[in-house]
Every structure is written in structure tokens, then in C-alpha cells.
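Here's a friendly walk through one protein model. Have a look at the picture, then read on.

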Amino acid sequence: WAAVVQYINQQVRCGTPVVVAGEPGVGKTSAAMGRQFRAGAPMPRTVVDAAEHLVGGTAAWLQRVKSLISGTTPVVIRGIDVLDDTMLSGLRALVRSDMCTTSVLMTLAADSSESAEAVADKLEVESVWIPPLRARTADIAPLWQLFVEQMPGGAAMRLSEQAADVMAGYPWPGNVSELKSVVEKLHRSGKRGPVRVADLPEPVHGGRTLTMIERAELDALRQALTEAGGNRSKAAQILGLSRATIYRKMKAYHLTA
């Protein structure tokens, strides 16, 4: 996460347009806003929702974007996955034109880095892929602490080592949004002090603490899938395993490509 935010902020300083892509709930807008693992105000950005063109009309929306990108404050265009090819062409003309005098960050919900790159190619801009939470379990603890600190009196809600292990083995289909929801539900229930495995909601609680060997195997699987861009056959080649073994282990660890 820190590496992604650092890269995005570097693009902002250079004035380079970029697509910030990832699965739903991974924190694309937060990354585009330059937020790190800490509470506080986001960096100065102007946010415009791509879905607004469905209400206000295509021409009016593009005119608004044109006005914003002609300023000095970086612009975040959220949810460009709702734009059709015609709208993407219009957006490309704007961000690649001389009238664009600030950085433009466009968030995109996508199921793979390849599909994200395909959209970025249409826009003729760079793209950055935010890995799903299941592929960056080291982010769970700092994210947990950040969300807890944002709760009134929530700083006393500490994640136990056993609960952290169970959460690392959970696939988090809702990504960061789901993790935040878990923190909020526990806080609303009145939970304070150490959070143990039994305190976690279903289906998170349905996990179990992984052994050291299982954790190493799970990390290797995630790394191989990341390097392979989600291609299971390629991941199998990286690990020197058969494709059937990869499928079996992914099912056992609740992993998706």
C-alpha cells in the first residue's frame, strides 16, 4: 500500500495522468487521495464521480472535467469503469490535451491488472494496480489500527496475535471495505480491549490459525499468483507444481486469482 501511494504521489508531482485500478473495496480512492496508514485530512484533491454523466449528461460532465483539469489542484475522477468507449475517447482527448494543467487520477474497478491496463491503453496513460487485501496481508494490522483510531474511544480495541493469524488466512472478498466493516461492527457491539478469534464475525471467525508451514505456503501461492497476473497455469510453473495442485491448494486456502 505504501509503495502504491508513493508511486501515485510521484505521478502527481510530475503531473502525469494515471489510472488507479483494483478490485472493488481495495481503497482506490484513498490511494488516489494520497492517504497513508494514518488518520487525518487527505491531501488536496478535487473529486468528481464518473457516474454523474448519467444524470447531468455527457457534454455537461466533460465540460466540468475540462474546467477542473485546467486548474492547479490534482483531480480524481472516480469510477471510470462506468464510461463507455465514446466517453473514454472524450476523456482521453481532455487529459492528453494542452489544456490539462494538473494531475489527473482516474480510479477503475477491475478484476485483473490486464483488464486495467487495457483501459489505460485506451486512455493512453499509465496505470497502477492495487493488489487485493488477500495478497497483502501485512497491511491488515496497520489498517485495523487506522480504523480503530477513527472510532470514538476505539483505541482500546486491540487485535490479538491469534485473531490476526486467522484474519491473514481469510480471503477478504470485500477487501479493505470489508475489514473496515468488521472493525465498525465490533465497535458498535461495545467491544473493547483485546479482540480474540471468538470475537470475529462469521465468516471471518470460520477461519483457523495457520501453522508456520501453511503460512509460508500461502504466502508463496499469493506471490506466484501476483507475479503471474492471476494466471493459474503460469503460477504453477513458477512454483514447479501441477495446475491441479495449484487449484487444490487455492481452494483449500480460499484463494481466487
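At 56% relative accessibility, Cys 14 counts as exposed (buried means under 20% relative accessible area, exposed over 50% and partly exposed in between, using a 1.4 Å probe and protein chains only). Cys 100 sits at 18% relative accessibility, so it counts as buried.

Cys 14 is in no disulfide, with the nearest cysteine sulfur, that of Cys 100, 14 Å away. That gap is too far for a bond.

## Where the numbers come from

Just so you know, this is a predicted model: local features need pLDDT of at least 70, side-chain atom pairs count only at pLDDT 80 or more, and totals for chains, interfaces and linings use all residues. Residues are numbered from 1 along each chain as its sequence is written, and side-chain values use heavy atoms, leaving out hydrogens and water.

## The sheet

Helices (H or I, at least four residues) and strands (E, at least two) are DSSP runs, numbered from the N terminus. Five strands make an open sheet in the order β2-β3-β4-β1-β5, with parallel pairing; two strands pair if DSSP finds at least two bridges between them. β2 (46-49) and β5 (126-130) stand at the edges with a single partner strand each, so one side of each has no neighbour in the sheet. On average, neighbouring strands are turned by 20° against each other, direction ignored.

β2 and β3 (residues 75-78) run parallel and are joined by 4 bridges. Val 48 has Ile 77 in β3 as its bridge partner.

## Helices on the sheet

Helix α1 (residues 2-14) packs on the sheet and touches β1 (18-22), β4 (104-109) and β5, where contact means heavy atoms within 4.5 Å. The direction of α1 makes about 160° with that of β5. Angles run from 0 to 180 degrees between N-to-C directions, and axes are lines fitted to C-alpha atoms, for helices over the stretch in contact. α6 also lies across β1, β4 and β5, running at about 155° to β5.

## Helix meets helix

The axes of α5 (residues 85-95) and α6 (residues 113-123) come within 8 Å and cross at roughly 55°. That makes α5 oblique to α6 (under 35 degrees is roughly parallel, over 145 roughly antiparallel, 65 to 115 roughly perpendicular, and the rest oblique).

Asp 85, Leu 88, Leu 91 and Arg 92 in α5 meet Val 119, Lys 122 and Leu 123 in α6.

Technical notes. A disulfide is a pair of cysteine sulfur atoms within 2.5 Å.
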